[in-house]
Amino acid sequence: MKSCNDPASDTITIETASPEQTEQLGYRLGKLLQPGDLLLLSGTLGAGKTCLTRGLAQGWGAQQQPTSPTFTLINEYDRPAVGLDERFYHVDCYRLSGSEDALTTGIQDLFGQQGVLVIEWPERIEKLIPEDYMWIEIEQGDEDARRFTVYACGERARKLLGSIHD
Ligand code: ADP
Ligand code: MG
């Protein structure tokens with residue numbers, strides 16, 4: 001599925017040199033997230049998906065510190081000061097064998113909910129992914145270097161990407 005089929009999709013590339021910088025990047029983006037936003041994080045084990053998510057959740061205002069949901073599949077965070085129905089879902093599909101398997105987990109119930117949804121290993125549930133999403137491809141360089149290529153796939157994602165520059 002790599003990024004999206006839309007040839008007009010907007011893209012930006014950002015490099016970080018440490019886990020702290022990656023968290024900061026997540027923090028900046030997390031502050032911009034609106035209910036219903038969908039972020040798909042693609043990259044090998046150790047690329048920095050969970051590290052970025054820690055920043056995303058903190059920037060969004062989560063009270064809890066995200067941990068890797070590899071064994072729990074779905075982690076849920078809230079920010080009570082803002083509103084009871086505001087949620088941040090962090091999903092890790094690494095252990096799923098595919099979309100069929102995913103259907104037994106209830107992940108699809110999270111799409112279209114009034115929450116922010118961040119998914120690691122989205123390739124595993126490709127068929128379930130709805131139209132509008134931001135795809136973040138993480139590549140490892142030498143040692144602590146990481147390159148983040150952000151693709152905005154859809155109207156809503158394009159707006160989000162545009163607001164990163166503001
Ligand atoms: P993933 O969720 O993609 O499997 P994690 O975020 O759990 O990866 O782990 C990333 C690992 O890479 C951590 O051990 C982190 O300290 C290390 N690391 C080194 N440099 C970076 C960087 N620039 N950004 C993010 N993580 C980095
Ligand atoms: Mg992870």
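**Exercise 1: two loop residues**

Glu-143 sits in the loop between β6 and β7; helices (H or I, at least four residues) and strands (E, at least two) are DSSP runs, numbered from the N terminus. This is a predicted model, in which local features need pLDDT of at least 70, side-chain atom pairs count only at pLDDT 80 or more, and totals for chains, interfaces and linings use all residues. Residues are numbered from 1 along each chain as its sequence is written, and side-chain values use heavy atoms, with hydrogens and water left out.

Task: Find out whether Glu-143 is buried or exposed, and do likewise for Trp-121.

Step 1. Start with the cut-offs: buried means under 20% relative accessible area, exposed over 50%, and partly exposed in between (1.4 Å probe, protein chains only).

Step 2. Glu-143 has 72% relative accessibility, so it counts as exposed.

Step 3. Trp-121, in the loop between β5 and β6, has a relative accessible area of 15% and is therefore buried.

Step 4. Now look at the backbone. Most residues other than glycine have a negative phi. Yet phi is positive at Glu-143, about 45 degrees, and also at Trp-121, near 55 degrees.

**Exercise 2: the sheet**

Task: Work out the strand order of the open sheet and which strands stand at its edges.

Step 1. Two strands pair if DSSP finds at least two bridges between them.

Step 2. Seven strands make up the sheet, in the order β1-β7-β6-β2-β5-β4-β3, and their pairing is mixed.

Step 3. β1 and β3 (74-78) each have a single partner strand, so they are the edges, with one side of each lacking a neighbour in the sheet.

Step 4. Zoom in on one pair: β2 and β6 run parallel and are joined by four bridges. Leu-40 has Trp-135 in β6 as its bridge partner.

**Exercise 3: the core**

Task: Find which residues have the most contacts inside the largest nonpolar core.

Step 1. A nonpolar core is a set of buried Ala, Val, Leu, Ile, Met, Phe, Trp, Tyr and Cys residues joined through side-chain atoms within 4.5 Å.

Step 2. The largest such core has 26 residues, and Leu-33, Leu-39, Leu-56, Phe-88, Met-134 and Ile-136 have the most contacts inside it.

Step 3. α2 gives this core its largest share, four residues.

Step 4. Take Leu-39 as an example. Contact means heavy atoms within 4.5 Å. Beyond its neighbours within four places in sequence, Leu-39 touches residues including Leu-29, Leu-56, Leu-117 and Leu-160.

Technical notes
Chains are lettered from A and ligands numbered from 1 in the order in which they are written.
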